[in-house]
Structure formats: C-alpha cells, structure tokens
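Here are a few exercises to work through with the model open beside you. Try each task before reading its solution.

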Amino acid sequence: MSLFTPTPGASARRYVLGQELSVTILTSGAETEGRHDVTDSVMATGAATPLHMHTRYEERLWVVSGSLTVWAGPDTLTLRSGDFFTIPRDVPHAIKSGPDGARALNITSPAGFAELIARAGTPFHLATPETELDAELFMAVTEELGDIVLGPPGTTPADLEHLPPRP
C-alpha cells in the first residue's frame, strides 16, 4: 500500500507520520464535542507502533484491507479485512501491519487519536518520500494526551517484565 496515493478532497485532513503511517481525519473530537473521533489510517508493509497504552480513551480498529497483528494485554490476534477489535483504556498494546500493509478505520472514544495526528503529524501536502517522524514532538503530544509509550516498535506486552523501569 502506498502512503502517498492521493485521497480526493481529504488533503486538509491528511497527515503522515514518517514513512510508516498515513492518516486522514474523517471526524475530529471538535466535531463530536469530544465524544469520539474517526481516522482512516494506512500502515506501510511491516510498520509497527511502539508498545503503548492510552489512559484517556479506548481504541477501536476496523480493518478495511490488508492485515494487522495486535498484541493487547495477554491477547495476540491477526485482524483481516472486515475484522473489528476494541482495545480498552489502560491496556498495553502494539500493532504491526502485515505483508501487504494495512488500511483501517480507527475510532477512539472519547476523542484523542485524531488530535495526536493533527498536532504531531506532517501535513500530507508538505510530506516527501524522505519525511521522518518528529519523535520529540510526537512524544510531547503523546504524553500531554495521556498516552504512555512503554517500549520501542517490536516490543509486545509480554516484554514488559523484561524492560527497564520507566523514569
């Protein structure tokens, strides 16, 4: 899946996080009085999130195409087109796209993820194939929104007992 394929009419709401993730904000928290937000996310082949958890919102994933492996607490599952999964608040989790990448709708409630993307992502019209994630900005916004990064991409909840304590 190409992160740089245009989506008609969505350019003002489209962002990239490095080369791994392209996100179009379909509904923001401001539009729902903070109740929820909805994003359309495309993950490059083999892209992985850091191990993290959300303390203010739960996350729902509906896979449109491709596949996602989700490690959530003690569970590991592979989601394919049409599959839906809810990650509750305060559950350590990580997500990795499959061999064909993945496209998924992400619904957070109350709203949270779309704000992270809008504040820490690069607007699509400014992105190039060399655009990198601004990790410092991403971490600052993540922490402000109550998300906690527990480990780098590639770690899973099972690794928590082996990771050094957070400062």
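A residue counts as buried under 20% relative accessible area, as exposed over 50%, and as partly exposed in between (1.4 Å probe, protein chains only). This is a predicted model, where local features need pLDDT of at least 70 and side-chain atom pairs count only at pLDDT 80 or more, while totals for chains, interfaces and linings use all residues. Residues are numbered from 1 along each chain as its sequence is written, and side-chain values use heavy atoms, with hydrogens and water left out.

**Exercise 1. The overall layout**

Work out how many helices and strands the chain has, and what pattern they follow along the sequence.

Start with the elements: helices (H or I, at least four residues) and strands (E, at least two) are DSSP runs, numbered from the N terminus. That gives 2 helices and 10 strands. Now read along the sequence, and you get β-β-β-β-β-β-β-β-α-β-α-β. Next, burial: of the 167 residues, 45% are buried. Last, take contacts (heavy atoms within 4.5 Å). Among those with a separation of 6 or more, 67% are between residues 24 or more positions apart.

**Exercise 2. Strand E3**

Find out how many residues of E3 are buried, and which strands pair with E3.

First go through residues 37–43: 7 of the 7 are buried, so E3 is largely enclosed by the rest of the structure. Then sort them by direction. Asp37, Thr39, Ser41 and Met43 point one way, Val38, Asp40 and Val42 the other, and both sets are buried.

Now for the neighbours; two strands pair if DSSP finds at least two bridges between them. E2 (residues 21–27) pairs with E3 in the antiparallel sense over 6 bridges, and there leucine 21 stands opposite methionine 43. E8 (residues 93–109) also runs antiparallel to E3, joined to it by 7 bridges. In that pairing, serine 41 has alanine 104 as its bridge partner.

**Exercise 3. The two sides of helix H2**

Decide which residues of H2 are buried and which are exposed on the other side.

Within residues 135–144, the buried ones are Phe138, Val141 and Thr142. Look down the axis of H2: these fall within an arc of 105 degrees (taken from the directions from the helix axis to the C-beta atoms), so they line one face of the helix. Glu136 and Glu143 are exposed on the other side. The cover over the buried residues includes E1 (14–17), H1 (113–120) and E10 (147–151).

**Exercise 4. A charge over a ring**

Which arginine lies over the face of phenylalanine 124?

Apply the rule: NZ of Lys or CZ of Arg must be within 6 Å of the ring centre and within 35 degrees of the ring normal. Arginine 14 lies over that face, at 4.0 Å from the ring centre.
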